[in-house]
Amino acid sequence: MIDDARADRSARENRPPTPLPSEAPSLEDPSLEAPSLETLSPEALRETIATELLAARARTAALTDCVGDHDLTAQHSPLMSPLVWDLAHIGNQEELWLLRNIGGRDPMHPEIDPLYDAFEHPRSERPTLPLLPPGEARAYAGEVRGRVLDLLAASPLEGAPLLDAGFAFGMIAQHEQQHDETMLSTHQLRRGEPVLAAPAPPPAPADAASLPAEVLVPAGPFTMGTDTEPWALDNERPAHRVDLPAYRLDTTPVTNGAYLRFIEDGGYDEPHWWTPEGWAHRRNADLTAPLFWRREDGQWLRRRFGVLEPVPLDEPVLHVSWYEADAYARWAGRRLPTEAEWEKAARHDPATGRSRRYPWGDGAPGPEHANLGQRHLRPAPAGSYPDGQSPYGARQLMGDVWEWTASDFRPYPGFRAWPYREYSEVFFGPEYKVLRGGCFAVAPVACRGTFRNWDYPIRRQIFAGFRTAADVTDGPGSDGPDGPDATAGATDGRGSGAGPARVRRAG
């Protein structure tokens with residue numbers, strides 16, 4: 001969950017971090033294709049950390065400098081904070097964790113700490129607080145950053161769990177990029193003239209229309225989670241063995257064209273496809289289509305960062321809740337994949353038996369692998385990024401859209417809260433559903449095959465879509481029209497898991 005509440009309380013109350021769990025034998029193969037942060041020289045590690053911090057700050061500036069003070073202080077939705085709150089909160093967390101906790105510095109402005117405590121003030125109340133005005137918020141965040149870079153230059157980056165491999169600095173870089181994603185969601189909710197621009201993603205590759213609709217993931221064990229990723233957060237740990245039966249997974253996320261067939265087939269009007277909770281929410285919220293869609297003069301349109309445009313049929317569907325994703329999957333005779341199924345399809349290499357950092361391997365994401373880092377302000381067409389596909393043949397598991405899974409947000413076996421309990425532990429339970437894979441708004445520093453996001457099943461303002469799965473015994477056969485040789489047909493909107501031809505169960 002991109003939630004500012006997770007990154008403040010331990011540092012603010014000056015409690016010592018929860019001790020790092022004692023080392024145990026790792027289930028992961030340490031022979032990685034790319035150098036680990038832990039193997040870099042102190043100078044190279046400092047350079048890597050500075051690069052990530054500066055990239056995050058450049059993005060923060062781009063998201064806040066493009067609008068005037070009125071838009072920065074306004075609340076564009078009760079679901080979101082004013083942009084100026086995010087701006088100062090970013091600086092406040094950086095001060096708390098790095099200057100105070102790591103550097104032992106005195107507080108710069110202790111009187112503002114309560115204003116930016118996300119646990120104390122829900123988003124709906126933040127406009128009523130005496131927040132720093134935009135100019136002061138920028139100056140504060142800038143002053144903190146200058147002192148942090150001085151601290152980084154002198155830090156040994158070892159000798160304590162928060163310092164080893166620059167963990168605390170990496171956590172802050174991820175935190176700022178997560179808030180940048182949140183601010184991008186606020187921009188999407190904002191009304192008014194467009195202020196953001198980015199080039200369109202490349203067109204779908206030539207083979208997109210002939211891809212199989214689904215891939216087969218054979219039965220067997222794999223290693224889920226991590227013990228070796230230096231900047232992984234507590235809920236990604238520890239690595240543990242999971243044994244799964246065989247299943248089928250959509251080759252690509254479900255497209256707008258496929259989802260439109262669900263709408264036109266009365267999917268929003270038939271309670272049979274919805275869970276009782278989902279149907280109640282659909283009725284109470286009057287859901288009839290993905291958020292930001294509307295039908296006008298016989299055509300479906302969507303609003304995207306201030307631009308009204310026809311819904312592109314070949315792109316992954318976006319801005320749907322878990323309830324909508326689950327209803328679609330039922331309508332299609334499928335189901336949502338579990339979190340473990342998603343991770344095995346994304347990370348497991350059947351040739352070696354090891355789990356990769358990313359679907360394509362261990363090397364850092366490049367523009368040929370995935371749609372990440374706000375390079376584009378939309379998902380790429382389904383079937384894109386063949387260089388980023390997993391060993392099983394699934395594409396776009398990283399980037400483009402967060403993918404809802406069937407799983408509740410739960411701790412892994414042997415979970416230990418670190419560096420503080422409020423990051424993950426207080427959110428574990430059935431109230432939250434897990435999302436995987438990142439989206440076009442996620443920075444590479446905050447995206448990896450083990451990264452876990454979570455949110456309420458009603459949420460639609462996040463950049464979320466989904467793909468569907470099926471048990472091998474219940475799924476499409478190998479000789480039917482929707483078997484493994486059926487094509488994804490991204491350009492005509494048939495998409496993965498698309499259409500009544502796949503409805504095999506009565507419910």
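Q: Two strands are taken to pair if DSSP finds at least two bridges between them. In which sense do strand E4 and strand E12 pair, and over how many bridges?

A: Strands of a sheet pair through backbone hydrogen bonds, either parallel or antiparallel. Helices (H or I, at least four residues) and strands (E, at least two) are DSSP runs, numbered from the N terminus. E4 (residues 247–250) and E12 pair in the antiparallel sense over three bridges, and Tyr-247 has Asp-471 in E12 as its bridge partner. This is a predicted model, in which local features need pLDDT of at least 70 and side-chain atom pairs count only at pLDDT 80 or more, whereas totals for chains, interfaces and linings use all residues. Residues are numbered from 1 along each chain as its sequence is written, and side-chain values use heavy atoms, with hydrogens and water left out.

Q: In what order do the strands of the four-stranded open sheet run?

A: The order is E10-E9-E8-E11, and the pairing is mixed. Strands E10 (453–455) and E11 (464–465) are the edges, each pairing on one side only. Within the sheet, E8 (residues 402–409) and E9 (residues 429–436) pair in the antiparallel sense over four bridges, and Asp-408 stands opposite Lys-433 in E9.

Q: How many residues lie between the hairpin strands E5 and E6?

A: Two residues lie between them, and Asp-297 in the turn has a positive phi of about 55 degrees. Four bridges join the antiparallel strands E5 (residues 293–296) and E6 (residues 299–304). One of the pairs is Trp-293 with Arg-302 in E6.

Q: At what angles does helix H6 pack against H2 and cross H4?

A: Angles under 35 degrees count as roughly parallel, over 145 as roughly antiparallel, 65 to 115 as roughly perpendicular and the rest as oblique. H2 (residues 42–65) and H6 (residues 167–189) pack at about 20 degrees, with axes 9 Å apart, so H2 is roughly parallel to H6. Residues in this contact include Leu-53 and Ala-56 of H2, and Ile-172 and Met-183 of H6. By class, the contact has ten nonpolar, four polar and six charged residues; Ala, Val, Leu, Ile, Met, Phe, Trp, Tyr, Cys and Pro count as nonpolar, Asp, Glu, Lys and Arg as charged, and the others, Gly among them, as polar. The axes of H4 (residues 83–102) and H6 come within 10 Å and cross at roughly 175 degrees; these helices are therefore roughly antiparallel. The contact of H4 with H6 has eleven nonpolar, seven polar and four charged residues.

Q: Which side chains meet in a salt bridge at 2.8 Å, N to O?

A: Side chains of opposite charge can pair when their charged atoms come close. A salt bridge here is a side-chain nitrogen of Lys or Arg within 4 Å of a carboxyl oxygen of Asp or Glu, and the count comes to 35. Among them is the pair of Arg-57 and Glu-176, at 2.8 Å from N to O. Arg-57 lies in H2 and Glu-176 in H6, so the pair ties together parts that are 119 residues apart in sequence.

Technical notes
Axes are lines fitted to C-alpha atoms, for helices over the stretch in contact, and angles run from 0 to 180 degrees between N-to-C directions. Contact means heavy atoms within 4.5 Å.
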